[in-house]
Amino acid sequence: MTVSFCGIELAHPIVNGSGTFDAIAARRAFGHELIQRFPFAALVTKTVTLAPRQGNPPPRLWELPAGLINSIGLPNKGLERFTGEDLPELARLPVPLIVNVMGFTRDEVATLVEAFGARPEVAALELNVSCPNVETGLVMGADPWEVSALLERVRPLTEKPLIVKLTPNTADPAAVAAGAERGGADAVSLINTLKGTAIDPATGEPALGNGYGGLSGPAVRPVALEQVRSVQARVELPIVGMGGISSGADAAEFLALGAAVVAVGTESFRDPRAGSRVATELESSLLSEHSTEPVLDLD
């Protein structure tokens with residue numbers, strides 16, 4: 001099940017969704033076993049911003065029957081502390097490292113791309129474009145022109161692959177993907193969370209401290225599949241498909257629609273080894289379709 005993605009060799013097509021697997025905390029919990037049996041073929045980091053962020057006020061999570069609304073707010077150490085403290089730890093993992101970055105202006109994104117592009121530990125960069133550009137007032141990932149202009153600004157700064165993480169909260173994600181392609185992106189990933197809110201029945205008040213958040217989990221999978229289908233029909237870029245993947249069968253649906261790689265997100269909160277399990281189930285289903293030989297076990 002080896003995959004070549006943007007020139008990066010992966011042992012299988014299962015990676016993690018940004019912000020859903022803290023490898024440093026996992027290593028503290030599971031020790032060397034995590035290194036021996038890392039659950040993903042690559043690690044995508046949580047979002048790094050130029051300055052440190054505290055994130056949104058609690059409560060930050062609200063569980064639903066078929067998913068989860070989060071209002072985390074992208075808390076992180078900022079560029080300086082991340083590169084000094086976390087990057088050396090993450091570089092010890094046995095898989096390629098993809099760093100997710102976000103800025104509130106094109107210049108902020110450019111600073112992050114240039115900094116991480118110069119680091120040999122980093123295999124690729126994922127650009128989180130779900131935030132507003134404070135200079136224009138537009139959400140970068142909701143406007144094809146904004147995305148194209150951003151890529152034109154940062155593309156000359158690194159030869160490393162640039163993956164644009166698309167927001168589903170726009171009228172035409174495929175048009176935005178086309179803008180990313182025009183600007184020089186190497187790949188796109190989708191979907192990010194859908195905007196949502198919830199009311200605490202015990203109080204009648206908003207269940208999240210920020211009032212709203214992003215919906216993920218099995219409930220969003222049909223939306224994710226449709227957006228992957230429409231984007232694949234519009235652009236030639238490789239796609240990282242994600243949204244509600246909790247089994248090998250779910251992953252196979254994304255691959256069938258043209259995704260090159262699939263990302264597991266919310267399921268890892270329930271099962272820390274979900275990445276390995278989904279990869280094993282996917283391999284079993286693919287082998288059963290094409291061979292009568294005994295199925296291999298990735299574990």
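Buried here means under 20% relative accessible area. Keep that cut-off in mind as you click through this predicted model.

**Stop one: helix H1.** Select residues 23-30 and pick out the buried ones: Ala23, Ile24 and Ala26. Looking down the axis of H1, you'll find these buried residues inside an arc of 160°, so they line one face of the helix. To see what covers the buried residues of H1, show helix H2 (32-36), strand S4 (43-44) and helix H3 (78-90), which are among the covering elements.

Next, check both ends. At the start of H1, a side-chain oxygen of Asp22 comes to within 3.2 Å of the backbone nitrogen of Ile24. Just past the helix, Gly31 has a positive phi of about 65°.

**Stop two: H7 and H8.** Bring up residues 221-234 (H7) and 248-256 (H8); their axes come within 9 Å and cross at roughly 25°. The two helices are therefore roughly parallel to each other. Show side chains for Arg221, Ala224, Leu225 and Val228 on H7, then Asp250, Glu253 and Phe254 on H8, and you have the residues that make the contact. Sorted by class, that's 4 nonpolar, no polar and 3 charged residues.

**Stop three: Glu267.** Jump to helix H9 (residues 267-270), where Glu267 sits. Is Glu267 buried or exposed? With 11% relative accessibility, Glu267 counts as buried. Follow its side chain to that of Arg270, a polar contact at 2.4 Å. Then, ignoring neighbours within four places in sequence, select what Glu267 touches: Ile245, Ser246, Ala274 and Arg277.

Notes
Residues are numbered from 1 along each chain as its sequence is written. This is a predicted model: local features need pLDDT of at least 70, side-chain atom pairs count only at pLDDT 80 or more; totals for chains, interfaces and linings use all residues. Side-chain values use heavy atoms; hydrogens and water are left out. Axes are lines fitted to C-alpha atoms, for helices over the stretch in contact, and angles run from 0 to 180 degrees between N-to-C directions. Helices (H or I, at least four residues) and strands (E, at least two) are DSSP runs, numbered from the N terminus. Angles under 35 degrees count as roughly parallel, over 145 as roughly antiparallel, 65 to 115 as roughly perpendicular and the rest as oblique. Contact means heavy atoms within 4.5 Å. Ala, Val, Leu, Ile, Met, Phe, Trp, Tyr, Cys and Pro count as nonpolar, Asp, Glu, Lys and Arg as charged, and the others, Gly among them, as polar. Buried means under 20% relative accessible area, exposed over 50%, partly exposed in between (1.4 Å probe, protein chains only). A polar contact is a pair of N or O atoms within 3.5 Å; within protein, one must be able to donate a hydrogen and the other to accept it, and residues adjacent in sequence count only if both atoms are side-chain atoms. The arc is that of the directions from the helix axis to the C-beta atoms.
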